[in-house]
Amino acid sequence: MEKFITHTGTAIPLRRSNVDTDQIIPAVYLKRVTKSGFEDGLFAAWRNDPEFVLNKPEFQGATVLVAGADFGTGSSREHAVWALQNFGFKAVLSSRFADIFRGNSQKAGLLTVVLPQEQIEAIWEAVEADPKTQVTVDLEAKNVRYGSVTVPFAIDDYTRWRLMEGLDDIGLTLKNIDDVTAFEKKRPAFKPETLPVRS
Amino acid sequence: MGKTLAEKIWADHVVRSAEGEPDLLYIDLHLIHEVTSPQAFDGLRLAGRQVRRPDLTIATEDHNVPTLNIDKPIADPVSKLQVDTLRANCKEFGVRIHSLGDAEQGIVHVVGPQLGITQPGMTIVCGDSHTSTHGAFGALAFGIGTSEVEHVLATQTLPLIRPKTMAVNVTGKLKPGVTSKDIILAIIAQIGTGGGQGYVLEYRGDAIKALSMEGRMTICNMSIEAGARAGLIAPDETTFEYVKNKPHAPQGAEWDAAVAYWETLQSDADAKFDKEITLDADALEPFVTWGTNPGQGLPLNANVPNPADIADAEERGAAERALTYMGLTAGTPLKSLKVDTVFLGSCTNGRIEDLRAAADVLKGKKIAPNTRMLVVPGSARVRLQAEGEGLDTVFIDFGAEWRNAGCSMCLGMNPDQLTVGERSASTSNRNFEGRQGKGGRTHLVSPLVAAATAIRGTLSSPADL
Ligand code: SF4
């Protein structure tokens, strides 16, 4: 996983709440067996509309998505995170994320930042007034900056450390694999096993 | 102070805990399907890792498989590649798989319980958000993403932050014609799609205790639609009775040891939940969604709401957009809405009791003109059982299509999809824009409402017949 320390880029205002993962990437795009190439499916249904914000010329090349509340609800598909990353997004800002989406993002290195709704609206207004506004998402300093504004955000230290170091969870767990083996020795015998097959 | 059920199961699975880090939790069962696993197996291969516990892992084909002509090769080459990839991965890593054509194939959340590998007190995960279904057994079960699938394959554990707990008390008794689906739709309408976020919901109270296991599964299934990663119901005699004699249920002395443990799986009387809510089952009517998220629901007797009446600006905007997408006008009685397609199936309502309940309503009747009905059993085993009871004939005589098992029109990944503007009454769990096919309009309902709607052609409950 790539390290995330700080990122600066332009932003897209997505003025919608409850953007579920079926909107981020519809099921018909989930048939691929790779982690790349999902950008074509990102917000596929909405992108048919020329007025949709992702289609507007002034927002091309943006790398920060600023979304309404409850972003990423619904299905657990990590493809939603890959689609955002494949499209070029490095960070998503919202006042509330669905748990699974947020977890997936943190595993895949897409930074999700929770800001109060009034701050989200202030950023929407700023980038709509000037789409060239540079937005900095600084994980080290735990703040978002644009123009003369600095907004702090909270993130737990463990996740921040993992993202800043670009560490993969499996490697971390394997360091403690002896604990897992010890735990397995104590598991009750009545716990079911899938093998051998019984019918 | 006492512990809640969720806290007890959690504590029994902590492998390692350290200050400032998430707990490392042991996973008792990992369910796998074709859509969210290929990249995880790829990751294992790249790192030269094995599946740590193939004997705690099981795969099935469900999301992407056709429900017609299942004896022929899958027609869509991209779907076929995904299913073939799952088969090859399971072979390479020694994972048990139930493929198309096998009697145990079906929707992953129907297969686990019917094999008896879903049991109380377990931790269960799957790369699918409706893993919460298994919480009906008093298991801590939740959906995970593909990175986490890889983590579980490699280590049989997950690093997790302990969730908060919410008691959802459902008091009283359901009226005839009102089902567990109506309970959960009403709960989501009450707390909203974000209301359960960060919590494990424990459903309690007389109305929950009175439900069958399948009714309980319907409720836990849709916990995710309230934003909760998991839903739980304390195990009781109904649970033990259901698990007993299933293929993978404990036998002999192990059964006794298991039950002795399972009986301890109750929230203590002095346990403190982080939040409590209450719903009165006595007052409940059949429920239906009118919008494009599962929280946008109302009793079937209501009218399409007027967004202008909604105080919150976000919600008002969402309601306006939903009415446009759904092609609805404020004030229209929900019961006057003409439905094109009725879908009976999914991991929410594709079990034998759901099929029986619907068949009971339909028996001897004919489908409304210009209406189609798809009946898709949740698993091949459910299909066989239904055929054994003659339910297939009831559905076919009625004018419905009797299909093979899979997710089908619940998510429209296979050929079973709505067309643009087509309106459905669906027993599934998500009414998102385009969920059942691009431009499709979904109303979520119970199997009873689905059946009555197929008879009348407009949203209806059995009481309207
Ligand atoms: S039936 Fe629907 S909700 Fe259930 S697992 Fe399949 S796609 Fe997901």
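**Exercise 1. In which order do the three strands of the open antiparallel sheet of chain B stand?**

*Solution.* The model is predicted, so local features need pLDDT of at least 70 and side-chain atom pairs count only at pLDDT 80 or more, while totals for chains, interfaces and linings use all residues. Residues are numbered from 1 along each chain as its sequence is written, chains are lettered from A and ligands numbered from 1 in the order in which they are written, and side-chain values use heavy atoms, with hydrogens and water left out.

Step 1. Strands (E, at least two residues) and helices (H or I, at least four residues) are DSSP runs, numbered from the N terminus. Two strands pair if DSSP finds at least two bridges between them.

Step 2. Read the order. The sheet of chain B runs β1-β2-β8, and its pairing is antiparallel.

Step 3. Find the edges. β1 (14-16) and β8 (157-160) of chain B each have a single partner strand, so one side of each is left without a neighbour in the sheet. From one strand to the next, the twist averages 40 degrees; axes here are lines fitted to C-alpha atoms, for helices over the stretch in contact, and angles run from 0 to 180 degrees between N-to-C directions.

Step 4. Examine one pair. β1(B) and β2 (residues 23-26) of chain B are joined in the antiparallel sense over two bridges. Within this sheet, V14(B) stands opposite L25(B) in β2(B).

Step 5. Identify a helix from the other chain. Helix α8 (residues 177-186) of chain A lies across β1, β2 and β8 of chain B, at about 145 degrees to β1(B).

**Exercise 2. Describe the five-stranded open sheet of chain B.**

*Solution.* Step 1. State the order. The five strands follow one another as β5-β4-β3-β6-β7 in chain B, with parallel pairing.

Step 1. Find the edges. β5 (96-98) and β7 (140-143) of chain B each have a single partner strand, so one side of each is left without a neighbour in the sheet. The twist from one strand to the next averages 20 degrees.

Step 2. Examine one pair. Strand β6 (residues 123-126) of chain B pairs with β7(B) in the parallel sense over four bridges. I124(B) has A141(B) in β7(B) as its bridge partner.

Step 3. Helix α4 (residues 108-115) of chain B lies across β3 (29-32), β4 (57-60), β5 and β6 of chain B, and runs at about 130 degrees to β4(B).

**Exercise 3. How many residues of chain A are in contact with chain B?**

*Solution.* Step 1. Count the residues. Contact means heavy atoms within 4.5 Å. In chain A, 63 residues are in contact with 83 residues of chain B.

Step 1. State the area. Buried area is the accessible area (1.4 Å probe) that two parts lose on being put together, summed over both. Between chain A and chain B about 5900 Å² is buried, and carbon and sulfur atoms give 55% of it.

Step 2. Name the main contributors. K31(A), F190(A) and R198(A) supply 13% of the area that chain A buries against chain B, more than any other three residues.

**Exercise 4. What is the volume of the largest pocket, and which residues lie closest to its centre?**

*Solution.* Step 1. Define the search. On a 1 Å grid over the protein atoms alone, a pocket is an open set of points with protein on both sides within 12 Å along at least five of seven lines, a cavity is a set where a 1.4 Å probe fits but cannot get out, and lining residues have an atom within 4 Å of a point. Grid points are joined across faces, edges and corners, and a volume is the space filled by probe spheres set on the points.

Step 1. The largest pocket holds about 970 Å³ of space. Its lining has 33 residues, and D99(A), R102(A), Q106(A), I161(B) and R229(B) are the closest to its centre.

Step 2. Assign the lining. Helix α4(A) gives the largest share, five residues. By class, the lining of the largest pocket has 16 nonpolar (Ala, Val, Leu, Ile, Met, Phe, Trp, Tyr, Cys and Pro), eleven charged (Asp, Glu, Lys and Arg) and six polar residues (the others, Gly among them).

**Exercise 5. Which residues lie nearest the centre of the largest cavity?**

*Solution.* Step 1. The structure holds five cavities of 30 Å³ or more, and about 210 Å³ of space lies in the largest cavity.

Step 1. Of the 22 residues lining the largest cavity, S75(A), H63(B), D128(B), L411(B) and R435(B) lie nearest its centre. This lining divides into eight nonpolar, ten polar and four charged residues.
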